[in-house]
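Me: I'm new to reading protein structures. Can we go through one together, feature by feature?
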Amino acid sequence: MTQIYSYEKIRNDMRLLELLSQSVPDIGAACTEIINLEAILNLPKGTEHFLADIHGEYEAFQHILKNASGNIKRKVNEIFGTTMRESEIRQLCSLIYYPEQKLQYIKNSETNLNDFYNITLHQLVSVCQSVSSKYTRSKVRKALPKEFAYIIEELLHESPQDYNKQAYFNRIIETIVSTGRADEFICAICNLIQRLSIDQLHILGDIFDRGPGAHIIMDTLCNYHNFDIQWGNHDALWMGAAAGNDCCIANVLRLTLRYGNLATLEDGYGINLVPLATFAMETYADDPCHYFGPQLDKDDTRHNQKARRLIAQMHKAISIIQFKLEAAMIDSRPEWHMQERKQLEHIDFERKVFVRDGKEYAMRDCYFPTIDPKSPYRLTAEEQELVNKLHHSFSVSDKLNKHIQCLFSHGCMYGIFNSNLLFHASVPLNADGSLKEVDINGEKVKGRALLDKIGLVLRSAFNSDTDPKERKFAVDYFWYLWCGVDSPLFDKSKMTTFERYFLEDKTTHTEEKGYYYRLRDDEKVCDMILDSFGVTGQHRHIINGHVPVRVGRGETPIKANGKLMVIDGGFAKAYHNTTGIAGYTLVFHSRGFQLVQHEPFTSAEEAIKNGTDIVSTTQIVEMSTQRMMVRDTDKGAELESQIEELKELLYAYRHGFIKESTKNKFRY
């Protein structure tokens with residue numbers, strides 16, 4: 001060893017070294033572990049995938065995970081492009097994505113099943129060998145399904161081209177088929193291919209909102225092998241609803257009804273909507289609710305006219321309740337300076353106009369049976385009873401609470417990974433591009449400290465040991481995050497929900513964006529933000545979503561000379577016309593960054609039956625002349641630190657500071 005450690009350093013580190021010696025008990029074990037870690041440092045880095053603004057579109061999301069944003073098909077083409085027809089490649093890929101369902105279709109039409117099994121198993125082993133090649137045997141072993149772990153490991157590390165092992169390899173395949181385990185084995189190896197194709201998944205916010213399956217996405221993530229979440233504004237809204245914030249509950253319900261998406265609430269989380277439906281039908285029986293009809297796809301067949309009518313009534317009912325609840329919140333938190341967002345007091349109920357700042361605005365709907373003009377924000381007895389029932393329904397949903405805990409255990413306001421700063425929406429800025437100080441419960445913070453503080457506040461809402469006054473503020477703050485001027489998840493002048501529903505004049509609908517959105521194309525501003533968060537590296541970036549990139553209008557997701565990447569390409573169907581595409585995946589592999597642009601997804605059923613796939617195009621964002629190795633990553637820095645500690649332990653063993661254990665506790 002070339003490193004010489006001083007007596008003082010060994011003594012100062014003795015407690016650490018003694019703890020380390022419990023798992024690395026002798027010189028041989030220390031040497032073996034150093035060799036192992038040094039070898040890992042020289043492997044190519046794993047592939048990271050970045051997704052933002054999924055908005056409940058579970059089928060497209062799950063398909064992108066299954067096809068690794070098109071990477072699996074690229075691998076299959078590389079291996080079999082000269083030996084298989086395009087139709088055969090599509091069918092093999094479809095099998096990898098949906099093995100259980102695809103096998104049923106194949107078995108119904110295949111005339112020689114044993115031949116199919118034999119050929120397919122050889123093909124799948126080749127694909128699995130390719131996607132596992134950048135990992136250590138130990139890491140692959142941990143990912144193997146227990147039932148077939150030994151067999152898959154043998155197949156992955158043997159080649160049918162090796163003459164000495166050819167019979168051995170082929171016999172394994174034949175025995176899998178002859179023992180009737182081919183279906184189970186195919187499913188196991190296909191799922192392994194999917195898992196190994198994405199080393200780490202980053203979700204940059206807004207799992208919830210418009211689409212029909214946010215709960216299904218959360219189920220998928222809760223069982224995913226390696227992921228992190230940077231909370232979005234819609235996620236915070238649902239977190240607030242689960243925490244018991246009635247304003248958040250009302251907003252969640254309003255948005256769900258606006259898009260006719262009741263499955264997440266009723267089927268996903270068991271929220272009882274019967275009281276709201278009953279109240280709405282009685283209260284708005286004579287109201288056509290023209291402007292509250294659900295925004296549905298043109299080809300929607302799930303909702304008949306009766307259902308649409310009921311949804312419109314429920315939508316209007318909860319909207320009026322929301323405005324009342326928000327007014328009470330605004331009055332209770334004067335430090336948030338949101339008095340101007342109290343709108344009901346500006347309605348002239350006799351003349352049916354809206355009067356603000358001396359100007360009159362025509363109202364397109366002025367039917368308000370539950371509003372008392374003398375006290376417009378007071379809930380009726382029936383409305384208060386309904387709010388209480390909805391509050392209870394959200395608070396007792398075990399599945400919702402489980403998913404919120406998953407958001408907390410894997411999430412925060414921002415993340416820093418391999419010189420990339422990830423957050424959903426913005427970092428509040430002043431007009432001159434400097435970081436804006438924001439007051440949170442009497443403490444002024446900005447930049448990284450602001451996002452850290454918000455993370456602590458949100459967590460305190462769910463901690464039983466939080467002071468009741470602090471917990472009340474934390475629960476309330478979820479709503480401010482949703483629509484407050486200085487919220488890094490909103491960062492606009494105001495949220496004009498009332499105006500969009502009731503006022504014809506579209507100038508009242510304007511929501512002016514904060515300075516972050518106006519200045520983020522400036523490379524110097526991005527560098528300042530990266531510096532303030534302590535992000536280092538020759539190639540560092542900000543990656544966020546929140547604002548859809550209007551590709552159809554020529555807007556580019558790459559900004560600030562490559563320092564900023566905005567990856568909200570419109571997963572939600574409601575945004576497809578706006579963006580012109582159906583979402584992005586940013587892929588960061590050992591060669592650099594690639595932006596994968598997705599076309600709208602048809603359905604999983606089409607993918608299974610006909611082998612159809614999401615049509616994706618890849619844009620090279622930033623490529624390196626040299627492959628990025630594990631040594632060049634955050635994980636590499638961690639491993640190098642471990643190597644240094646092991647070398648110090650080795651020195652301590654060899655110079656008698658610590659005695660080697662007589663019983664080896666470490667298995668190799």
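This is a predicted model: local features need pLDDT of at least 70, side-chain atom pairs count only at pLDDT 80 or more; totals for chains, interfaces and linings use all residues.

Me: Is His 63 buried or exposed?
Reply: Look at the relative accessible area. Under 20% counts as buried. His 63 has 0%, so His 63 is buried.

Me: Which residues does His 63 touch, leaving out those up to four places away in sequence?
Reply: Tyr 97, Tyr 98, Phe 601, Ala 607, Thr 612, Asp 613 and Ile 614.

Me: How do I read the length of a helix? What span does H20 reach?
Reply: Compare the span with the one expected at 1.5 Å a residue.

Me: Which residues of H20 are buried?
Reply: Leu 400, His 403, Ile 404, Cys 406, Leu 407 and Phe 408.

Me: Now pockets. How much space lies in the second largest pocket?
Reply: About 950 Å³.

Me: How many residues line the second largest pocket, and which lie nearest its centre?
Reply: The lining has 32 residues. Nearest the centre are Ile 40, Tyr 135, Lys 139, Asp 199 and Lys 635.

Me: Which helices each supply at least two residues of that lining?
Reply: H3 (27–41), H9 (137–143), H12 (182–197) and H28 (634–654). The largest share, five residues, comes from H9.

Me: What classes of residue make up the lining of this pocket?
Reply: Sort them by class. There are twelve charged, eleven nonpolar and nine polar residues.

Key. Residues are numbered from 1 along each chain as its sequence is written. Side-chain values use heavy atoms; hydrogens and water are left out. Helices (H or I, at least four residues) and strands (E, at least two) are DSSP runs, numbered from the N terminus. The expected span of a helix is 1.5 Å times one less than its number of residues. Buried means under 20% relative accessible area, exposed over 50%, partly exposed in between (1.4 Å probe, protein chains only). On a 1 Å grid over the protein atoms alone, a cavity is a set of points where a 1.4 Å probe fits but cannot get out, and a pocket is an open set with protein on both sides within 12 Å along at least five of seven lines; lining residues have an atom within 4 Å of a point. Grid points are joined across faces, edges and corners, and a volume is the space filled by probe spheres set on the points. Ala, Val, Leu, Ile, Met, Phe, Trp, Tyr, Cys and Pro count as nonpolar, Asp, Glu, Lys and Arg as charged, and the others, Gly among them, as polar. Contact means heavy atoms within 4.5 Å.
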